[in-house]
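Visitor: I am new to this structure. Please show me how to read it.

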Amino acid sequence: MKRELPFVLVFIFGMFMLLQYFVPHEKSEWVYEFFLAWTIIIGIFALALGIWSLFKVSVDKIKMHRPGWGYSYVTLAGLFVMIAFGFTKRNGDAWGLYHLWWILGLLCLGAIMQVRAETNTGRKKMYFVVSLVLLAATVAISIFDNTWSFHFYTSEGLENTLFRNFFDYIMIPILSTMFALLAFFIASAAYRAFRARNLMATLLLFAALLVMSRFNPWIPGAEYVAKASTWLMNVPNLAAQRAIVMGIGLGVIATALKVILGIERGYMGKG
Amino acid sequence: MFYPGPLVALVDIGRTISLVIIGGGLLWLFIRALKGKEVDRRVIFLFIFIAVATPILFPITFGEKATRVVKAVYDKIESLPAGSTVIISFDFDPAMAPEVQPMANAITRHCLVKGHKIIFMSLFATGQALLTQTLRDVVETEFPDKKEEVDYVNLGYKAGNEGVLNVIISDFKKMFPTDVNNIPYDSIPALDDVSSCKDVDLIVSIGGGKPGVKEWVLFVGDPGRVPVACGVAAVVAPQMYPYYPKQLLGLLGGIKGAAEYESELIHNYPRFKDVDTPGLRMMGPQTLAHMVIITFILIGNLSFFIKKRKDRQ
Amino acid sequence: MKRTTVLVMVGAIVIFGISWVLKSMSLTSTTDHYIAKGFAITFAAFLTLCIFSFLYKDNPFYKFAEHLFVGVSAAFWMSMGFWSTIVGNLIPRVSETLSNYFKVPYHPESYNPFYFLPVFLGILLLLRLSRKVGWVSRWPLAFIVGTTAGFNFIRYLRSDFIEQVSATFVPLLVDWQGIGHFFSNLSLSSTGQFVAMLSNWVIFFGVLCGIIYFFFSKEHKGVFGGASKIGIWILMITFGASFGYTVMGRISLLVGRITFLFKDWLSLIS
Amino acid sequence: MALYKWFFVLGFIFCLCGMATAQESGVPPDSANIDTISQSIPPPAPVTDLQAFDTRNDHGHSITLKWKKSADDGAGNNSVIGYEIYTWEPNMVDSMAQLRSEIDQVRAAIYGGKKTGEDLKKKIRTLKDQYDILLEQLTVAHAGYPEGGEWRLVDKVPAGTETYVHLGSKEKLAEGYIPDYTDLYYRVDALTADSVVKTPSVVVGPVQCYGQWFNTEQVPVLITVILFGVLILYFVMLARKGKEIYVRPIGGIEAVDDAIGRATEMGKPILYVLGLGSVSDVATIAAFTILQRVAKKVAEYQTDLIVPTYDPIVMSVAQDVVKSAYYDAGRADTYKEDSVFFVTQSQFAYVAAVNGIMLRDLPATNVYMGKFYAESLLLAETGALAGSIQISGTDEIAQMPFFIVACDYTLIGEELYAASAYLGREPILLGSLKAQDYAKAAIIILSILGIIATVLGFTWFTEFFHVTS
């Protein structure tokens, strides 16, 4: 039961989704749309699991004083602050004690972490008291300060200016700079790997060189190079992509079928 | 104020810096490569940074020469008699805009300076805002004497994708009873001679998504026998080539196409020398960085072969 | 901590402070919140440089940006997921009271008591945290894997297999009017008969050789091995070409970032 | 061998030269001819042979119309510029539309307002009840044709069109809902440039729409499913009976074992990156199977394993997989719960974190298996910088070039799926590889047949493979 039931479920749901394709009737469509919605909802619960894992890894790192544990405070602070912003919003034009609130909240989180990380019992007690005081202060502010409020039931928190600012001035710069690093890496990868070691590497090298020189003002006949690279992208590229896609298609189909029939079970643990 | 041509000086600085630093550096690496030495990756990173940053700080333009596909569009607009009607359709969204809006601006400039009447429209809901941007930045600031509804008309966005095209090929008024300023079709002087798409002399579709160039060609260009030109993002350009030259008289592909068009325009119309040319501006870093990468590949192969020969000896 | 580390840190803080002050001063005419705005732009530039510093080597600045990014982005996706999926998708289908509470339009027509099932399955998934009943968390996994396997099976069969096979049926002879006509009108025009035919031949044999490369249960020897070799060569040419083609887009991204530094932060260019 | 090589290289260069020297020909289209439309237009001929029937192979709520175009469309007077499709609807649809808009208004009042009044909810319920009553009467009202209703415009289509699918909504509360099992009537008018001059066709009907239980257009797909399924089962059975199956060596996979051994010697961990896929991606499922083998080996050698994940569900599964692999190796005691952990569900934050791990923990081997997007090169280059041996496998075509360039071994597309079978050398899994090969042989044969059929002009053969979506 413990081991076989999941595979029976896989078979039933897999077979249904497979056969559903051949049944255009409204009823089968209804169940189909329904199942797809299910997977998304389960995914959100899984996200909670993920956040828990992130939290636990960071906390454990602090507790065990693993290398680089100090940075886990940064992660936890970012996590806490962004969630806090996502569910709060100011009511009027003034922020009131809001900033004090979230800073105290952060300090409280830090103190709780210290309680966990500290080995000396005396200091542990001190941090405990500090964290309690800070917690009381944050709770008090959130109760008595009316300039802002929690929004657990509308997504107004997403319009919180601080939430947006964190997105615009922290997430976007880092994200797009990470992406921009590719410009450097593509160059270093090209330098390192495009060597005429053997025929295959040479082909790789020449195709890349040809396409890269498609707009070089100093190469005579750049127009023809451009034309040749367009042909390269249109014709041999199409052929190779098609061959790969068909292979992948077969691999996916065979793997999916093996999963449905319970032949391939590597994706599920046993214990 | 204090110096007659700071811009000229900047261009020269850019040339000099790139020539000295990049050229000299690469030469040094080349000599090292002759000894069979490898280049540290940080050196490559530095070169890429300089190659991209220098042209941004000190704009460098390379002698972009219009290729045949771009020249075809330019020549067509150039050869139309003054007073011809051109549709410029903004079929793109903000994500595509950095690549294709420069083309739209350049073609708009060209049409206006030639005295053509322009019908602006959009098949993308988000295209209308970008169209307004072009009108503000190019038409109103650079051509204050051109009057809306007389020299150009802004029909705005209409929902319906290719359905819109299906209608306007036979009747413009049905789809666009008024322009964006709510002026009735019949009282717009610019549209006096235009009752359907068949009456226009050229259609330029800027975009590359769907609906876009393909739809213009299949639903208007082919059945109405109206010449269609286009400007598309670089990624979709290879898919558009098969339509050239039978169904598309020419095309501008990516920022490169925009740069070629801009340079052709500046070359022939000196009055545009000082306008913003994002296409040419973007091409500086692109060209330099590409050349740096190509050179590094060549240097890498050189040191590879020399080392191999040494090992054999 | 080493002395150099302390020096670098202090230097970074000083530069940050100066930049903040200067940026704020330059913004006084444009916005009322110039101090906050100046901080935001300086901080964004600081983070940009933190990430770029990774190119030199791993360092505390990069680590700081990395850990901050991980925390903030995880929270960001959680908030978005909560609002769009639980509140946006689930609540309107399960309960009118709850939708009124969350102020989302209730869909009575798609009301469905069965929507409690994914919630139940989701809770089962959370039980994984328990050592004792952790095994029940495999049921929701089985559901997800089963449905998506069935779904993918058909999707790939249709689009990647059958459609691709039929797309390979390209005419090897393009408006064929006899050998004499072919040779007398031979031209290298990219829209001409010769190039069209050549392209089709390349596509057809390219696909064939590519597929042969992916044969696993037959030794690649003789003609078969030759075809498989050609197959992998074509793959390599394609990979090289797409690598070269991508360079342009990546450089554009870097241009965007450097423009941010020069324009929005340092105001070096207009 | 050398002959092939030269043949290929020369052919390729020839192709490129051909393309490069290509001369353009072809004339751009002429300027438009202005068609002059005469002022008074005689009424055009009506469409003929109008047929209406239920749209096949669908969920119902849709009718297909077919007709022969008017004699004046593209011929004759050439005056037809398009067609208008009309359907007959009972007058009660107006009151239904009225009710719908009232319901929408009440709803807007409920959700827009600060407080939700009980009376509004009651009101919406009564409105909906009224709507349901009307809905029940709809079929009867339709049967009353032509009394108590009128013709309404459905759509306009351009000249030259000869079919139209009236696609209705299946949502009862949506505009454009077409009831199933209800008598419907249609008419098609031929239009001219003068909006007053048009000719209606004869009326067709009654016609009913309904959903089908089997999509006959998908028969080729079904046949393929069955054939392929049988093929796989057959070879799996054959393999179970103990038949030896040859599998060609796959570079990347053979390297996995060596890489683990190397990591053990160096006392460094192994990093296994599952990519950005979710469990619904089959590539990720294949990656799990490979992870299982790797984890088992790792457990045997007593090396460390690091599995950072992007998707929480993938994390759950990966934990399960690694745990049971340790269990299988008889080393359940050495399994560490946090060797598999969640990072974040943001592409570049994940990359930033994994890059950090690579440079700080300096894994001896990095394995990338599954779905990868733009981050592929960021990961692989950083790994190369850290001096790790790198093995990758993905089915994302756009990322393959980067892995090939930056990694030591790369599994291309299908090789990733084959690898899971190959690593274990389990006969059952190998059996399916054989089936895949037969399918590939079938593709080759079909392609050749298809080419021959195209040359000979047998369109039915290619049409058979044309699958409508």
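Visitor: Against which elements of chain A do the buried residues of H4(A) pack?

Guide: First, the ground rules. This is a predicted model, where local features need pLDDT of at least 70, side-chain atom pairs count only at pLDDT 80 or more, and totals for chains, interfaces and linings use all residues. Residues are numbered from 1 along each chain as its sequence is written, while chains are lettered from A and ligands numbered from 1 in the order in which they are written.

Guide: Now the terms. Helices (H or I, at least four residues) and strands (E, at least two) are DSSP runs, numbered from the N terminus. A residue is buried if 20 or more other C-beta atoms lie within 10 Å of its own, exposed if 12 or fewer, and partly exposed in between; C-beta atoms are placed from the backbone. In H4(A), the buried residues pack against H2, H3, strand E1 (88-90), helix H5 (121-144) and strand E2 (148-150) of chain A. Those buried residues are A:Tyr98, A:Trp101, A:Leu104, A:Gly105, A:Cys108, A:Leu109 and A:Met113.

Visitor: How many residues does helix H4 of chain A have, and what span does it reach?

Guide: The expected span of a helix is 1.5 Å times one less than its number of residues. Helix H4 (residues 98-117) of chain A has 20 residues. From first C-alpha to last it reaches 29 Å, close to the 28 Å expected.

Visitor: How many residues of chain A are in contact with chain C?

Guide: Two residues are in contact if their C-beta atoms, placed from the backbone, lie within 7 Å. Here 100 residues of chain A touch 100 residues of chain C. On the chain A side, H9(A) gives the largest share, 20 residues. For residue classes, Ala, Val, Leu, Ile, Met, Phe, Trp, Tyr, Cys and Pro count as nonpolar, Asp, Glu, Lys and Arg as charged, and the others, Gly among them, as polar. That side of chain A divides into 80 nonpolar, 17 polar and three charged residues.

Visitor: How many helices and strands does chain C have?

Guide: Chain C has nine helices and zero strands. Of its 270 residues, 46% are buried. Among its contacts with a separation of 6 or more, 23% join residues 24 or more positions apart.

Visitor: And what are the counts for chain D?

Guide: Chain D has 13 helices and 14 strands. Of its 469 residues, 44% are buried. For its contacts with a separation of 6 or more, the part from residues 24 or more positions apart is 74%.

Visitor: In what order do the three strands of the open sheet in chain D stand?

Guide: Two strands pair if DSSP finds at least two bridges between them. The order is E1-E2-E5 (chain D), with antiparallel pairing. Strand E1 (48-54) and strand E5 (163-167) of chain D are at the edges with a single partner strand each, so one side of each has no neighbour in the sheet. Five bridges link E1(D) to strand E2 (residues 62-68) of chain D. In E2(D), D:Thr64 is the bridge partner of D:Phe53.

Visitor: Which residues point each way from E1(B)?

Guide: In a regular strand the side chains alternate between the two faces of the sheet. From E1(B), B:Thr85, B:Ile87 and B:Ser89 point one way, and B:Val86, B:Ile88 and B:Phe90 the other. Six of the six residues of strand E1 (residues 85-90) of chain B are buried, so this strand is largely enclosed by the rest of the structure. E1(B) runs parallel to strand E2 (residues 117-122) of chain B, joined by five bridges.
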